[in-house]
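Hi,

Here is the structure we talked about, with some notes on what turned up in it. Have a look at the model and then read on.

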Amino acid sequence: CPACQTACHYRKSRIEEDFQPSSLAAPHKGPVKLGQYDVAIVMRKVGTMWKESGYYPGTRVPSLRSDTWILAIVEDGIRHYSWEEWVPTLESLKEGPFVEATLSWRDVDSQLKRQRDIELKKFNDRVRQFYLEKYGEKVLVEWRDSQDTPIPEEIFRRFFFRRRNEEEVQSKSDGLSRDSELVFRTQDGQPIGITTEKPSYVVAWEPETGGLMGNQIVDTTSAQISLLPGTKYLVRIASNDGPGSFPIEIDTRPSSVQVWRIKKNIQTFYPLAAIAGAAAATIVLMMSLYIKRALRKKTVVDEEEV
């Protein structure tokens, strides 16, 4: 087919050059969209490294999975699609000639874990729905024919869901497989394939409506950038080791900065502080009622003596 020939020709005639992933724009969410003569390069994550997995023409659009990163070679440049949807956190905004924005991305692993848990739950729900639709009625009819008592939860879970001991065996095997990857070590005790070099990140920002872009290279999981006031920016964390983060919006207009500060103060208002304040108010109220009652009682006694 012409599309397959396009992918094959691109694979054979491409010009090898170093292309830094950090220079890409923000990634897109799935599903992947390709034109008829576009080419998709599928990268698969093996351990902590991304490896080239295959080339696909526009007529065979690859699916975006948790271990894939897809770069689409299109007519107007390169687009990339990432399953890993994480964003940096805006820690503070300081007004001045430039708006100083402080960002951090220390919770990337927890963000990705929440995303995997959600995807796993959706997958399990689809599996349960499939088995319920295919076998559920048959099991319930056979059970009702045998006796009129309700179907026990144990039997229901044993038929439709994986047993607990199987889950324990699977978790143990996963733990062994993870441990087995760290058997081969270098002379200084470091696992093979793991470098001690600190990863570097590129904090990239651009106006929402387009315009002058900026970036800053850091080797930590936090950074402070200077932005022009009165502009909406899209800020993301890029990396040469993967697709990087999705962008967040930072509005440097004075009114928006004030609103952000109010929201931040509300978020940092801890529940324990609210409980402590309520308890203190209750104690003050009880003490005032006790003093008022004691004064009223003393007044009555004085009137009786008179």
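This is a predicted model: local features need pLDDT of at least 70, side-chain atom pairs count only at pLDDT 80 or more; totals for chains, interfaces and linings use all residues.

Let's start with glutamate 206: leaving aside residues up to four places away in sequence, Glu206 touches Leu212, Met213, Lys232, Tyr233 and Leu234 (contact means heavy atoms within 4.5 Å). Glu206 sits in strand S7 (strands are DSSP E runs of at least two residues, helices H or I runs of at least four, numbered from the N terminus). Glu206 is partly exposed at 28% relative accessible area (buried is under 20%, exposed over 50%, partly exposed in between, with a 1.4 Å probe and protein chains only).

Numbering runs from 1 along each chain as its sequence is written, and side-chain values use heavy atoms, without hydrogens and water.

Now the salt bridges (a Lys or Arg side-chain nitrogen within 4 Å of an Asp or Glu carboxyl oxygen): there are eight.
- Asp125 pairs with Lys121, closest N and O atoms 3.2 Å apart; they are four residues apart in helix H2, so about one helical turn separates them.
- Arg253 pairs with Asp251 at 2.6 Å between the closest N and O atoms; Asp251 is buried at 12%, while Arg253 is partly exposed at 37%.
- Arg44, Arg65 and Asp67 are linked in a salt-bridge network.

Cheers
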